Amino acid sequence: MLQCRTLRRLLIPAVRAGSQCSRHRPRAGKLVQRWILPLEQQMTRQMASSGGAPGGSGDSSLYTFIVAFSALGAGVYVFKTLKNDKVRYHDRISTLATKTEGQPEESKEQVEKKTAVQAGEESKVDVPTGTEGASSQSTEASPEADAISRPEIPSHAPFLLIGGGTAAFAAARSIRARDPGARVLIISEEDNPPYMRPPLSKELWFSEDPNIVETLRFKQWNGKERSIYFQPQSFYVSARDLPYVENGGIAVLSNKKVVYMDVRENKVKLDDGSQISYEKCLIATGGTPRSLPAIERAGEEVQQRTTLFRRVNDFIALEKITKEVKSVTIIGGGFLGSELACALGRRARLTGLEVIQMFPETGNMGKVLPEYLSNWTTNKIRREGVNVMPEAVVKSVAFQDGKLTIKLKDGRKVETDHLIAAVGLEPNVELAKSAGLEVDSDFGGFRVNAELQARSNIWVAGDAACFYDIKLGRRRVEHHDHAVVSGRLAGENMTGATKPYWHQSMFWSDLGPDVGYEAIGLVDSSLPTVGVFAKATSKDTPKSATEESGTGIRSESETEAVATEVNVPFSASATEASAAATSAKAPQQGEDYGKGVVFYLRDKVVVGIVLWNIFNRMPIARKIIKDSEEHEDLNEVAKLFNIHED
Ligand SMILES: Cc1cc2nc3c(=O)[nH]c(=O)nc-3n(C[C@H](O)[C@H](O)[C@H](O)COP(=O)(O)OP(=O)(O)OC[C@H]3O[C@@H](n4cnc5c(N)ncnc54)[C@H](O)[C@@H]3O)c2cc1C
């Protein structure tokens, strides 16, 4: 009896210690606590009854001994199991992180299982959750030594996005929205985190901040300040920690280029030789600005004095150059060339900089706008202080006596200090070769289906995608909103949705704060057009549109919801529609095109719409395109945009 009591005194604390020890382990604690606590209580109760009962018998002492002994055994078992679990967990994590080329690839199911287990185990760690930003800050509580041994570049990423632009960022967000634990790795050739490009040719030039090239914050036309970066650096997880972070996150591997894709092994190779395997991959490589053969032929001195404008670093460089030189010439009459002409024209008025813009078309944006509107735009840009030279085809460029001399095909000569070539974009499709992906021979870009898929686990979005639009046919679009819409769709499809491209993206262009337009669908000036215009008021400017909506990135200000409420006027026969197209009063040259709608027709159906100084009505335009119907009277359809409203 004495022995039994002594043994009991020794065993109870031991059992308690065992259970407390397991409680202090946060990882597997809950499961263990659930069965160890009742056992401890049960034991204590049994011991109390056996020991506490007056005049307890020898049987009861033996019983107490057996129970106590098995409890000790159970405690030891639990302790060992927990310890092994922890070791196995760390083994798994480091295997995932350090998996090398020679090792066999894991199946998708295996990796998914691991990720699920990992997520399950991690969810027991006491860390802040809720927002993406918060969750991405907390790393798995592994020993410091583990953290130091983590490779700089993870060898595996469940979601690998090639390109760190708008489409990739939109895809990363939508992947995380549908799969909150997802680990997304963006590989970017640039050294900045993802940023928006539209302000580079607009608002940033109108800033009065002398430190604009450092802050890269711009005032929207409504006066509100904002950064060009979609998210601050702190939003992202480091690539190194990505395999370990609580609830996954988005990491950006900057200054790295993907140079090879092994689509059989689901691997990519970077320019530094490292390799990363993936489960799902997005190609969002955007494009590279074209140069002119005349510039390429001209040699280094000319090329050093030429900017091909695309990146934030181009803005930073050009901002400095335009303060130093006396004359700058923009070659190109499209969106980019015309926006930069307006922006630099303002600088011309302030500093005396000479700004020349030249292009082969008869007017600015001549490939998009009907002739009368293109001519009006040219005059507007001239009023901004720009020397606009239409019908100018560059024959050669030379550097002589500290000046660039541009010779035009018609014999004219222009002297300038610096060139900006804004003559289009070449989609970045170098990876097509190693990946065995198809490049579209008409539009360029990776050919993908309506779900933006190139192969079973490879998607393409943004400027680099030549996709099948289920309404308008095969297309490639080089616009911000398309990058957002297609990136988002690709992200959704990468996480299991099988949605086709049906949400028509829009685009916009502002010629400074006073004139701007928004467009959707196929806007090609070679198509027949019908324009309906009205007098503009002071409210009909990009500035007041931004004041109303609160954002200068105008694709952010329109919503899909409004479109479904729009009742578009009835359709009509082909003959009636064609009559309407020809009978509508064509705007006259020299008119003041305050605000209006231009419909672009293909086979008598509206396939594109430009809203000229009409803002935030894109859902109506989207609905018209989506309906793909012939309309009896496009003047009636134009009324939907309230163009006659004051
Ligand atoms: C100055 C400017 C103004 C604009 N203004 C407007 C506007 O007002 N409205 C509008 O609708 N659109 C506008 N656009 C167009 C719009 O910005 C683009 O359509 C959009 O950025 C395309 O997004 P993306 O993600 O496809 O490509 P990008 O934004 O070009 O991103 C692609 C990224 O991938 C990187 N990359 C390429 N290859 C690799 C590789 N192999 N490995 C790693 N990284 C790689 C590139 O360096 C780049 O960072 C403008 C564009 C510019 C340049």
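Author: What follows starts at the ligand and then moves on to other parts of the protein.

This is a predicted model, where local features need pLDDT of at least 70 and side-chain atom pairs count only at pLDDT 80 or more, while totals for chains, interfaces and linings use all residues. Residues are numbered from 1 along each chain as its sequence is written, and side-chain values use heavy atoms, with hydrogens and water left out.

Start with the shell. The ligand is surrounded by 35 residues, each with a heavy atom within 4 Å of it. Ala167, Glu190, Lys202, Arg310 and Asp463 are the closest. By class, 12 are nonpolar, 12 polar and 11 charged. Here Ala, Val, Leu, Ile, Met, Phe, Trp, Tyr, Cys and Pro count as nonpolar, Asp, Glu, Lys and Arg as charged, and the others, Gly among them, as polar. Helices α7 (166-178), α12 (335-351) and α15 (480-494) each give at least two shell residues, and so does strand β24 (506-510). Helices (H or I, at least four residues) and strands (E, at least two) are DSSP runs, numbered from the N terminus.

Now the polar pairs. A polar backbone atom of Ala167 is 2.8 Å from a ligand oxygen. An N or O atom in the Asp463 side chain is also 2.8 Å from an oxygen of the ligand. For His480, a backbone N or O atom lies 3.0 Å from a ligand oxygen. On its own the ligand has 1000 Å² of accessible area, and the protein covers 95% of it. Such areas come from the Shrake-Rupley method with a 1.4 Å probe; for residues, only the protein chains shown count as cover.

Asp463 leads on to Arg476. Arg476 is in contact (heavy atoms within 4.5 Å) with Asp463, and also with residues including Leu425, Phe443, Ala465 and Phe467. Arg476 sits in the loop between β23 (473-475) and α15. Why does Arg476 count as buried? Because its relative accessibility is 17%, and buried means under 20% (exposed is over 50%, partly exposed in between; 1.4 Å probe, protein chains only). The Arg476 side chain has a polar atom 2.7 Å from the backbone oxygen of Phe443. It also makes a polar contact, at 2.8 Å, with the side chain of Glu478. A polar contact is a pair of N or O atoms within 3.5 Å; within protein, one must be able to donate a hydrogen and the other to accept it, and residues adjacent in sequence count only if both atoms are side-chain atoms.

Next, the strands. An open, mixed sheet runs β19-β22-β23, with β19 (446-447) and β23 as its edges. Strands pair if DSSP finds at least two bridges between them. β19 and β22 (465-469) are parallel, with two bridges. Phe446 faces Ala465 of β22 in that pairing. Ala465 is one of the contacts of Arg476.

Another strand is β2 (183-187). Five of its five residues are buried, so β2 is largely enclosed by the rest of the structure. Arg183, Leu185 and Ile187 are buried on one side, Val184 and Ile186 on the other. In a regular strand the side chains alternate between the two faces of the sheet. β1 (156-162) runs parallel to β2 over four bridges, and Leu160 stands opposite Leu185.

Last, the whole protein. There are 20 helices and 28 strands. Of its 646 residues, 52% are buried.

Note on methods: Lists of a residue's contacts leave out its neighbours within four places in sequence.
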